[in-house]
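Please find below a briefing on the architecture of a single protein chain.

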Amino acid sequence: YASGTQRLGVVPTTTTLDVLQQLISEGTAEFQSQRAPVESVPAFIGASVVAAWLMAFLTEWGALRLRLAFEPVMPAALLFVFASILGSGSFQYQSTIVFAIAVLYWTVTQRVTNLASEGVWLLADAKRGPRGIALSGFGIGFAALVAGLFLGPALPGADAEELYYWRDRGDPTRYVISPYVSIQNQLVEQSDVVMFTVVTDRPSYWRLAGLDTYEDGFWQTKGKFEPESGRLPGLQGATENWETVRQEFTIEALGGIWLPAAFTPSKIVESDVEATWNSETSSLTVSSDYATSDGATYVIESKLASFSPAELNAASTEVPPDIAERYLALPDDLTNRVVSEAREITVGASTRYEQMLALQNYFRSFDYNTRLGPRVGDPIEQFLDERVGFCQQFSGTFALMARALGAPARVAVGFTWGEKTENENEYRVRGRHTHAWPEVWFDELGWVAFEPTPGRGAPGTSHTQIAQAQDAEPAVDESSTPSTTIDPADGPVNNPGPTIPDFEEDPASPASAPVSGTELPWRLLVVLGVILAYFGGLPVLRRLRRLSTRRRAKTPTKKIEVAWTHATEAMELGFNLRRQESETRTEFANRAARKRRVPGEAVCQLARATTVARYSPRHDLSQEASSAQEASSEIIQSVRRQVPAWRRWADDLDPRRLIRSR
């Protein structure tokens with residue numbers, strides 16, 4: 001994410017922090033604008049990596065350090081449940097068996113290990129006890145696993161209809177992800193990927209959906225998708241110039257639920273998938289039984305309209321209430337410039353058709369480019385200032401300006417007709433043919449397409465006064481370096497990555513000026529401060545606590561207990577020795593004294609003093625307290641000589657040391 005900005009390849013600089021801060025800002029903006037399933041922008045991938053590391057860290061901490069049984073399973077269980085709900089349905093039993101075996105193995109081994117480390121077994125049962133627990137646990141667990149996975153489905157009624165089918169509550173309304181979000185990804189990253197092939201005797205724009213709602217900074221579609229297998233009750237105008245066109249589609253890698261067709265689809269002749277239909281936006285999708293339309297084949301008929309300039313000029317400007325409510329809505333934060341510039345562009349136009357032609361021709365004087373610089377300020381105004389963009393910017397801004405002029409408008413998303421193959425009447429549609437264009441409502445005529453994007457033109461649309469054209473070659477120079485593209489006004493797009501300043505530019509230019517340390521964002525400073533406080537403050541806090549404990553130990557008994565606690569903490573660190581619950585202090589001291597590196601005499605002396613203090617409280621313990629403190633100091637010094645400083649520092653960072661009681 002910030003390669004090339006470090007010193008010596010590993011030391012972060014202020015430029016590194018600036019790039020990472022930019023990545024966080026972009027991720028926040030994308031998170032607020034995108035809807036699932038989201039595009040895999042670099043910020044989201046980075047967040048996923050951090051989240052995966054955090055889950056692994058918490059799992060390891062809970063399992064090996066805190067020795068918990070249930071909590072370490074939760075991260076993996078959440079991932080398993082999440083994948084089960086949203087997965088494709090493949091390998092359900094196999095993946096469940098693997099996950100269940102993993103949980104069973106963890107549960108049994110964790111329980112046996114904890115019991116063995118606590119020393120609760122009698123000496124004669126030190127091996128027999130854990131082995132018995134393990135055999136019993138695995139036996140019972142595998143029996144339950146077999147019963148659940150194999151005997152359960154064989155029980156009477158197992159194949160009956162569900163009492164409650166949670167995937168479908170009967171609501172016909174289906175909210176689907178807008179194909180708008182994948183336009184740039186297909187134009188740039190998947191430019192040569194074959195999306196589908198279509199056989200037809202008349203090429204056209206292959207339309208996926210009409211996006212009717214401008215919300216949260218991007219175009220989307222909401223509505224009722226009803227099952228349809230035959231005639232499609234779409235909204236069709238009153239023009240007499242209709243032509244019925246037959247199309248045979250084979251979807252290969254569209255990567256979504258949409259079914260393309262020429263506008264307006266009128267009849268599904270045959271299909272190997274069940275389809276759902278939105279009559280208001282003339283959009284087709286596969287039913288909820290299918291995760292994607294990839295692999296689908298179907299034959300569909302469409303009625304293609306040919307509008308003459310005369311009938312468009314003569315069309316009424318009246319708008320039905322249901323159309324006005326849905327297709328004239330403008331966002332509250334739309335700038336006045338969009339409205340004023342739309343009016344300025346269309347000065348002199350006497351009809352709605354002339355207004356739309358004026359808008360179309362105005363935008364066609366812009367430049368077409370899929371590689372845009374960072375979005376700064378209002379994205380629509382930046383598009384109008386820079387006069388460069390691709391179909392998203394052209395179609396989205398056109399539709400907003402049309403609505404500002406009182407013309408109902410929406411954005412259509414789909415593909416141009418593609419490249420002709422060697423087969424008769426067959427067209428191969430690739431990612432670079434992805435396209436978006438505006439549609440405007442004309443009373444009694446219906447929806448009429450316009451083409452504001454330079455270098456594009458739909459076949460058979462003489463009313464646009466534009467010759468048919470499309471992108472026939474790869475649109476991207478592979479040697480070019482992608483730059484950041486975030487355009488909330490036109491929908492979330494795939495972000496190729498944050499822009500890294502060019503160090504060879506003029507140092508005085510704003511784009512390459514180094515960021516001083518005083519300009520670091522305050523959130524990053526807070527995070528760095530917390531990290532430094534933890535790594536530097538916790539060891540100091542532990543040392544202060546040990547000093548405080550010694551000072552508060554006023555009686556000989558307290559002094560002996562403190563000496564024992566500090567010495568055993570040191571032995572656990574330096575010699576990996578910890579007293580088991582079943583051991584007396586003397587037994588622990590005798591076991592420790594057999595270790596070569598341990599000062600055995602000091603450990604035994606400390607154990608004797610501690611035992612006397614615990615079981616002879618009325619005895620004068622002044623001498624025992626003095627010998628216990630000397631023995632404890634000798635043990636601690638021995639550990640310091642044998643254990644590296646970095647390891648002692650790492651041990652001090654363990655927060656459990658602050659709360660552990662002995």
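The briefing that follows moves from the whole chain to individual residues.

This is a predicted model, in which local features need pLDDT of at least 70 and side-chain atom pairs count only at pLDDT 80 or more, while totals for chains, interfaces and linings use all residues. Residues are numbered from 1 along each chain as its sequence is written, and side-chain values use heavy atoms, with hydrogens and water left out.

**Overall make-up**

- The protein chain contains 19 helices and 18 strands; these are DSSP runs numbered from the N terminus, helices being H or I of at least four residues and strands E of at least two.
- Of its 662 residues, 45% are buried, a term that denotes under 20% relative accessible area, as against over 50% for exposed and in between for partly exposed (1.4 Å probe, protein chains only).
- Among contacts (heavy atoms within 4.5 Å) with a separation of 6 or more, 72% link residues 24 or more positions apart.
- Zero disulfides are present, a disulfide being a pair of cysteine sulfur atoms within 2.5 Å.

**Nonpolar cores**

- The largest nonpolar core comprises 76 residues, of which Phe196, Met356, Phe442 and Phe450 touch the most other members. Helix 12 (residues 391-404) supplies the largest share of this core, eight residues.
- A second, separate core has 28 residues, including Cys604, Ala607, Ile635 and Val643.
- A nonpolar core is here a set of buried Ala, Val, Leu, Ile, Met, Phe, Trp, Tyr and Cys residues joined through side-chain atoms within 4.5 Å.
- Cysteine 604 counts as buried because its relative accessible area is 18%; for cysteine 391 the value is 0%, so this residue is buried as well.
- Beyond its neighbours within four places in sequence, phenylalanine 196 contacts residues including Trp206, Phe249, Ile251, Phe415 and Tyr427.

**Phenylalanine 398**

- Phenylalanine 398 belongs to helix 12 and is buried, because its relative accessible area is 0%.
- Not counting residues up to four places away in sequence, Phenylalanine 398 touches Met356, Leu359, Gln360, Phe363, Pro438, Val440, Phe450 and Pro452.
- Its C-alpha atom is 9.9 Å from that of tyrosine 362, which is 36 residues apart in sequence.

**Glycine 418**

- Glycine 418 sits in the loop between strand 14 (409-415) and strand 15 (419-420), and its 3% relative accessibility is why it counts as buried.
- Valine 194 is 224 residues apart from glycine 418 along the chain, yet their C-alpha atoms are separated by 9.8 Å.
- Residues up to four places away aside, glycine 418 touches Tyr427, Arg428, Val429, His433 and Gln470.

**Two buried glutamates**

- Glutamate 439, in strand 17 (residues 434-442), is buried because its relative accessibility is 2%.
- The side chain of glutamate 439 makes polar contacts with the side chains of arginine 207 (2.9 Å) and arginine 410 (2.8 Å). A polar contact is a pair of N or O atoms within 3.5 Å; within protein, one must be able to donate a hydrogen and the other to accept it, and residues adjacent in sequence count only if both atoms are side-chain atoms.
- Glutamate 426 lies in strand 16 (residues 426-430). This residue is buried without a salt bridge, and the nearest side chain of opposite charge, arginine 428, is 5.1 Å away.
- A salt bridge requires a side-chain nitrogen of Lys or Arg within 4 Å of a carboxyl oxygen of Asp or Glu; Lys and Arg count as positive and Asp and Glu as negative, with His and the chain ends not counted.
- The side chains of glutamate 426 and threonine 421 are joined by a polar contact of 2.8 Å.
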